[in-house]
Amino acid sequence: MSNARTELLQAFLTSHGWEERHRSVLADDASFRRYDRLQDGWRRAVLMDAPPDKEDVRPFCEIASQLAKLDLSAPEIIAEDAENGFLLIEDLGDDTFTRMLDMGADEATLYAQALEALITVQRRFDVQTADAELPLYTDQLLLNEVSLFLDWYMPAVGLDDLSDEMRGSFLSQWRDLLDQARQVPDTLVLRDFHVDNLIWLPDRESPRSVGLLDFQDAVIGPVTYDLVSLLEDARRDVSPDVQARLLDRFEKAFPQIEPEALKMSYAILGAQRGLKILGIFTRLDRRDGKPGYLRHIDRVWRWIEGDMSHPSLGPLKGWLDQHCPKSARRTPMVQSNPNAGD
C-alpha cells in the first residue's frame with residue numbers, strides 16, 4: 001500500500017473513532033479487495049479496503065441495503081468512503097459454513113439453512129420494486145464469462161490452436177443454451193452464494209441465521225444460478241444425497257416453475273459457471289500469481305461433466321469431446337509462485 005493510501009486509510013479510521021486500534025488481516029480474496037478486522041475491547045468491525053481504480057464499494061452498500069430490507073443478515077454498513085474505496089462493516093464473525101463443516105458440523109443441516117436463506121431472497125425480492133437499479137445478467141455477460149475457458153484454460157493445457165470457426169461454434173451453441181436456461185423467472189442473483197461466503201449465526205432465527213458476504217457483483221438473472229453456486233461448489237464436494245434433497249426442496253418451494261425447465265436451466269448454468277471458473281482459476285495463477293485455486297480444477301470438471309449429462313447439453317458435450325477431450329481435462333502446470341495461496 002502506498003504512503004498516500006495509508007494516510008487516507010488512517011484519516012478514514014480516525015474520523016470514525018477507530019484510530020490506534022488493533023488491526024489484523026482477516027482475508028484477501030480473488031479480487032483486489034482486502035479485509036482487516038478491527039478490535040477495540042468488545043467492539044469489532046471489518047475494514048474493507050478496495051482500491052477505487054480496481055473496485056467500487058458502492059454496489060456492496062446497495063446490495064447490503066436490499067438484503068437488510070428482505071430481513072436477511074448482510075453486514076451493516078458502519079461507515080463509508082466510496083471515493084477512496086474504504087468501508088467499515090459489521091463483523092459477523094469467523095464461523096463460515098466452510099469452517100463449521102471442517103469442524104464436523106452436520107452438512108445436511110447447514111446446507112438446508114443456506115437453501116432457506118436463498119429461497120427467502122427469491123421469494124421476497126421483487127424485480128419490479130427493488131430500490132436499486134441492478135445490472136442484468138445479460139447473455140453477453142454470460143458469454144464473456146464462458147469465453148474465459150477458451151482464453152485461459154484451453155491454452156494452459158496445450159489447446160492453443162483454437163480457430164475462429166471453433167470459437168464461433170462454441171459461442172453459437174451457448175447462445176442457444178442461454179435461451180433455454182432463461183425458461184425460469186429472474187430474481188436477485190448474488191453470484192457467489194457458496195459456503196465460503198456464508199456465516200453461521202446460530203443466535204439468530206432462520207433465515208437470518210445465515211450471514212451473507214461477497215455479494216457486491218449481484219445482478220438480475222435466472223433463479224437457478226445461485227442454486228448452482230451452492231450445490232456445485234468449486235472448492236468443496238457436496239454429497240449427492242444433500243444435493244438431491246435440496247433440489248427437491250427448491251422445486252417444491254417454487255411450484256410455479258415447470259420442473260423440467262428448472263432442471264434444464266440448472267444444468268446449463270452449472271456448465272456455464274463451471275467453464276467460467278476453469279478460466280478464472282487458470283487466470284488467477286497466470287496473471288495474478290495465485291496458484292492455489294488450481295487444486296480445485298478436477299472437482300470443477302466433475303461438476304461440468306455431471307451437468308453435461310442433461311440432454312440439452314448434448315451438442316456442447318460433443319464440442320468439448322472433440323476440442324477438449326478427457327485427456328486434456330487436467331490441472332494446468334503452475335506458472336506463478338507455488339507458495340502463494342488462494
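Which residues in α5 are buried? I started there, keeping in mind that this is a predicted model.

**Helix α5.** I find Leu 142, Leu 143, Glu 145, Val 146, Ser 147, Leu 148, Phe 149, Leu 150, Tyr 153, Met 154 and Ala 156 buried. I then looked up what they pack against, and the partners are α6 (164–181), α9 (259–286), α10 (297–307) and α11 (314–323). The helix runs over residues 139–156, 18 residues in total, and spans 26 Å from first C-alpha to last, close to the 26 Å expected. I also noted a kink of about 25 degrees, centred on Val 146, which is itself on the buried list. After the helix comes Gly 158, with a positive phi near 90 degrees.

**Salt bridges.** I get 30 of them in the structure. I picked out Asp 91 and Arg 37, whose side chains meet at 2.6 Å, N to O. This pair links distant parts of the chain: Asp 91 sits in the loop between β5 (86–89) and α3 (97–102), Arg 37 in strand β2, and they are 54 residues apart. With the buried cut-off at under 20%, Asp 91 counts as buried at 14%, and Arg 37 is buried at 8%.

Next I checked Glu 90 and Arg 204, which bridge at 3.1 Å, N to O. Glu 90 is in the loop between β5 and α3 and Arg 204 in the loop between β7 (198–200) and β8 (210–212), so the bridge ties together parts 114 residues apart in sequence. Arg 204 is partly exposed, at 25%.

Last pair: Asp 95 and Arg 99 meet at 3.3 Å, N to O. I have Asp 95 as partly exposed at 29% and Arg 99 as partly exposed at 38%. I also logged a network in which shared partners join Glu 305, Lys 317, Asp 321, Lys 326 and Arg 329 through salt bridges.

Technical notes
Residues are numbered from 1 along each chain as its sequence is written. This is a predicted model: local features need pLDDT of at least 70, side-chain atom pairs count only at pLDDT 80 or more; totals for chains, interfaces and linings use all residues. Side-chain values use heavy atoms; hydrogens and water are left out. Helices (H or I, at least four residues) and strands (E, at least two) are DSSP runs, numbered from the N terminus. The expected span of a helix is 1.5 Å times one less than its number of residues. The bend at a residue is the angle between axes fitted to the seven residues ending there and the seven starting there. Buried means under 20% relative accessible area, exposed over 50%, partly exposed in between (1.4 Å probe, protein chains only). Contact means heavy atoms within 4.5 Å. A salt bridge is a side-chain nitrogen of Lys or Arg within 4 Å of a carboxyl oxygen of Asp or Glu.
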